[in-house]
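Student: Could you take me through the charged side chains of this protein, looking closely at how they pair and where they are left on the surface?

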Amino acid sequence: MAGAARTGALARHWARQNVHVYILSARNNDAHGLHDALENDHIHPEFLAIDREAASPAAQQATPDTKPSLNKDPGAFRRLIWGLRALPDRYHPHWSARAAERGAAIIRDNAIDCIYSSGPPHSVHIAAAEIKRATGLPWICEQRDLWVGNPFADRPWITEALNKRLARKALPLADAFVGVTHGTVAELQSQHDAPVLLAYNGLDPADFEGIDGGDVPPPLDPDKLTIVHPGVIYAEKRDPSPLFAAVAKMDEASRGAIRMIFFHDEYDYVRGLAQTYGVMNQVEFRPMIPRHEVLALERQADLLLLAHWDDPRGDAIIPGKVFEYIGARRPIIATASASSEVAQIVRQGNFGLSGATPDEIAAHLSYWIEEKHKAGGRVPDLPAEPIADFTRDRQFEKVDALINQILPTGRGI
């Protein structure tokens, strides 16, 4: 939800400056919290059903069981057909066509100065391009993940060729681009002549205001060093192995002083690794919990684990959790490669440990165990000052400057 949280936060950032923000988005019944966050007199959201059929009352009443079985391989040909029908994603063409039509109508009825699209899903950029064609307004295209050139995209060549064709039709109309990592910005600069801005996802200090425990919450476990990973562990892509190898190297007393807590273990991937390294006695698994509980847990924990993809293809990917962790002011253990942007951020702010060997991690764990005991049962908070550079408002001020740059003189934020 980091990306979705970013777009809602950006709308609120503009609303606080008395800017009227008209939002056109896909209806997602699982995102009530995000929708509630947009309740503001200066924010005017409108949510369109994803499919043309889903917009009809008859379709909303029907509940046919037409989903393919997840236990049966549909075959390469059928997978190809499904992939071709969902380019660049399942919101195109029905949602993007209706969004383009509705967006142009909203602009005709209101004094709007600029079009801003944020994807994925990248169908929003197709809709934004059509709105640009219809209205001539300046358009800024924000790609939280790359539409073309994404290292995680794994498509057959024909599907990728058609995906690039859709992008080539839409993206040249953009007046400027926004990327959320240095790598994304560099790739966008190689693809387009328009200006490209870096604006991190960032953090919102208000997220941690009013959570249980106050300024210094009670420790999750006063006796054991607690290491928490509250997000999803994607098998083979987010790997806690360096941490497990480090714990396995420690003496029995030190291992017994450590608790590692994971939420959502995809395909029992983490459980298998823990068994391989012989650290199952130090590992716990829990079901997913609401975000406000996650934030409270992060403040109570001693350390926060960021299991990242230790592969050059993942160097330019910065999970939204990085900034949430920074906001929690707890030391971070990041299993990212030393050359990754995640490691650079952790080093820049002295937020913890990143790109370290198991021996280095083990040494730091021993240090943190000692610090925990000295501090009365909880590793002390990190300093608050370095957080300021990574707040969303600080990042969104860069977006404001970009908008002012492309708008006619006398108009802007």
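This is a predicted model: local features need pLDDT of at least 70, side-chain atom pairs count only at pLDDT 80 or more; totals for chains, interfaces and linings use all residues.

Tutor: Lys169 belongs to helix H7, which covers residues 157–170, and on the surface Lys169 gathers with Lys164, Arg165 and Arg168 in a patch of positive charge.

Side chains of opposite charge can pair when their charged atoms come close. Across the whole structure, a search finds 20 salt bridges. One of them joins Asp175 to Lys132, with 2.8 Å between the closest N and O atoms. Asp175 sits in the loop between H7 and strand S5 (176–179), whereas Lys132 is part of helix H6 (residues 123–135), so this pair ties together parts that are 43 residues apart in sequence. The two partners fall into separate accessibility classes: Asp175 is partly exposed, at a relative accessible area of 29%, while Lys132 counts as buried because its relative accessibility is 15%, and the limit for that class is under 20%.

A second pair is formed by Glu46 and Arg102, whose closest N and O atoms are 2.8 Å apart. Here too distant parts of the chain are linked, since Glu46 lies in strand S2 (residues 43–48) and Arg102 in helix H5 (residues 94–109), 56 residues apart. Glu46 is partly exposed, with a relative accessible area of 23%, and Arg102 is likewise partly exposed, with 32%.

The side chains of Glu284 and Arg286 also meet in a salt bridge, with an N to O distance of 3.6 Å, which is inside the 4 Å limit used for such pairs. Glu284 is partly exposed, having a relative accessible area of 26%, and Arg286 counts as partly exposed at 31%.

Thr391 is buried, with a relative accessible area of 14%, and, leaving aside its neighbours within four places in sequence, Thr391 is in contact with Gly202, Leu203 and Pro205.

Key
Residues are numbered from 1 along each chain as its sequence is written. Side-chain values use heavy atoms; hydrogens and water are left out. Patches are made of residues with over 30% relative accessible area and no salt bridge: like charges are joined within 9 Å, nonpolar side chains (Val, Leu, Ile, Met, Phe, Trp, Tyr) within 5 Å. Accessible areas come from the Shrake-Rupley method with a 1.4 Å probe; for residues, only the protein chains shown count as cover. Lys and Arg count as positive and Asp and Glu as negative; His and the chain ends are not counted. The place of a charge is taken as NZ of Lys, CZ of Arg, CG of Asp or CD of Glu. Helices (H or I, at least four residues) and strands (E, at least two) are DSSP runs, numbered from the N terminus. Buried means under 20% relative accessible area, exposed over 50%, partly exposed in between (1.4 Å probe, protein chains only). Contact means heavy atoms within 4.5 Å.
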